[in-house]
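These are my notebook entries on a structure that I looked up.

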Amino acid sequence: MRELRRLSLRFLNAVPVILLVAVLTFFLMHLLPGDPAVVIAGQDASPQAVARIRTQLGLDRPLPEQLLVWLANLARGNFGTSLALNQSVLAAVLDRLPVTLSLAAISLAITVPLGIGAGVIAGYKRNTWIDQSVMVIALLGVSLPGFWIAILSVILFSVQLKWLPSGGYVPLAQGAWPWFASLIQPAVVLALFQIGFLARMTRSAMLDVLDQDFIRAARARGVSEWSAVIKHAFRNTLIPVVTAAGIILSLLIGGSVIVEQVFALPGIGRLIVQAILARDYPLVQGTMLLLGFAFVAINLLLDIVYLLVDPRVRYE
Amino acid sequence: MSEAAVAGGTRLARRRRFPILRRLLRHGSFRIGLVLVLVLVIAALCAPLITNVDPTAMRIRFRFRPPSQDFLFGTDMFGRSVFARVLYGARLSLWIGLAVALLSGAVGAMIGVLSAQWRRLDGLMMRLMDALAAFPAIVLAIGLGAALGPASGSLIIALTMAYVPRTARVLRASALVIRELDYVEAARVSGAGSLRIVLRHLLPNCMSPLLVQMTFVFAYAILAEAALSFIGIGPPPPAPSWGNIVAEGRDYAVEAWWIMLFPGIAISLAALGMNLLGDGLRDVLDPRMKIET
């Protein structure tokens, strides 16, 4: 019963957040300095072209009416239409979704075991050379700029050694290996930051847990070291780590915008950047909105999982 | 009293005066971070004293010169000195990092502490923070930066908006703990108003997590500024920033690797330095705080 109340409360909280995400993206277009229609049409566009864009985007109507139209369109699943691509925003994003999802999936598959594993080992071997080397590598992971590492990596693995393609995307339909080869390099570059972040977090969570009485009690009972560390400590370490899953996914999508740019992967990140360079603001707006909605949904889902997994949260 | 005793007394007094600073200076990673950051800041401030080369001066005769005694970091496709560009780029990149850290710290602290004190504000403020945090930081900064136009000012605003939610949440969590402590309760009972409690008790006692948070935001902002300048949303060329030097050097990365190598090293050292400072501050000021940045 209590869980049901918490769940419904959590769902209710998401409603204003979704609304605010929609309103924030609406105002994004109105931040453009000067007349948005002129900015979009370009400085030397004819007055007719400006007027056409103004009516097309409804910019000639009063602001509150524009906002209401925007929200009503969203409610009907209409996220706007791209000016440059002659395509609805939703279709444009769905076209590019497989690329970004493939990249994120491979990257995550590298990040999670390496990041958590490194953090657990460093925490367990606290203050030894193993801990120190793992932490130095993790620190480098969160300090080196991804786009720069990407360029260096292309020079080494694509130009010098010729092991991997320097860019471009091969769909999964054309074979698993070419698909994987086109993504492994960007995925590893993308994973570096997340691995460092996750390892640093896992280590400090591990240190917290290892210091607690129930670990000492387990050891005193004569539980094997493996069982004390993995069954008792590691499982409790995962709780704060799972809470950070939303942050890690958010870092992943943010990072993929940059990495897609370097490796010429036609994903959502590249879509946004190209839309900005083409002054296709409805596309920028719509893509950001969809990403925002996706993350509200992801965080909601994570909270529910969290609520179901950790009994202490349930009975708080 | 003998002179030795007086000297001993002052030494004792001095030792008591800055206990936190002393513990920080004994912290290994804080020390390395401090040296890195100080070197970069001094290099940025003293750029005109270190080199008399104009970072935007083109000399077509000297295009693509590799690093040598005459051209410390080599020259780029317009014959500009990469060393001078990296040095002057430090000014822009570090300034943007500092401005974002200070602004997001100030705004985040205000929102966090105020929503901890005025519970009616809390719901709305935290939903607003949730909404802002729903966008990946880089994506939000790209969208805002694009809307506001390519300039360092709009980049500062965009990155600040992206990092305010984290700071606000950390500060709110700290303030919620502090406002339940006995001395705050005592102040409340003895008639202190909300504003007084916020200014005298909540804010000063949230300084440790705020400082730690701001240091990490500084590191993130340097990386984000570089990434955004790299994809063309940032201070426009020819004014050098570390990100746009890498972007310009990218097309020549194989033949003229030095153009993109040195600014990249500068970005890495700056982010590394700030992260090390942050680790040291967190260990000393707030040992139980998680790396939740």
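**Domains**

I looked up the spacing of the domains: the C-alpha centres of domain 1 of chain A and domain 2 of chain A lie 38 Å apart. The assignment for chain A sets domain 1 at 34-78 and domain 2 at 89-315; such bounds come from an automatic or database domain assignment.

**Conventions**

I note that the model is predicted, with local features requiring pLDDT of at least 70 and side-chain atom pairs pLDDT 80 or more, while totals for chains, interfaces and linings use all residues. Residues are numbered from 1 along each chain as its sequence is written, and chains are lettered from A and ligands numbered from 1 in the order in which they are written.

**Interface**

I found 40 residues of chain A in contact with 38 residues of chain B (C-beta atoms, placed from the backbone, within 7 Å). Elements of chain A giving two or more residues to this side include α1 (2-30), α8 (176-210) and α13 (281-309); helices are DSSP runs (H or I, at least four residues), numbered from the N terminus. The chain A side divides into 33 nonpolar, six polar and one charged residue (nonpolar: Ala, Val, Leu, Ile, Met, Phe, Trp, Tyr, Cys and Pro; charged: Asp, Glu, Lys and Arg; polar: the others, Gly among them).

**Helix pair**

I examined α6(A) and α8(A), whose axes come within 7 Å and cross at roughly 130° (lines fitted to C-alpha atoms over the stretch in contact, angles from 0 to 180 degrees between N-to-C directions). α6(A) is therefore oblique to α8(A) (under 35 degrees is roughly parallel, over 145 roughly antiparallel, 65 to 115 roughly perpendicular, the rest oblique). Among the contact residues are A:Val134 and A:Leu139 of α6(A), and A:Phe193 and A:Arg200 of α8(A).

Technical notes: Contact = placed C-beta atoms within 7 Å.
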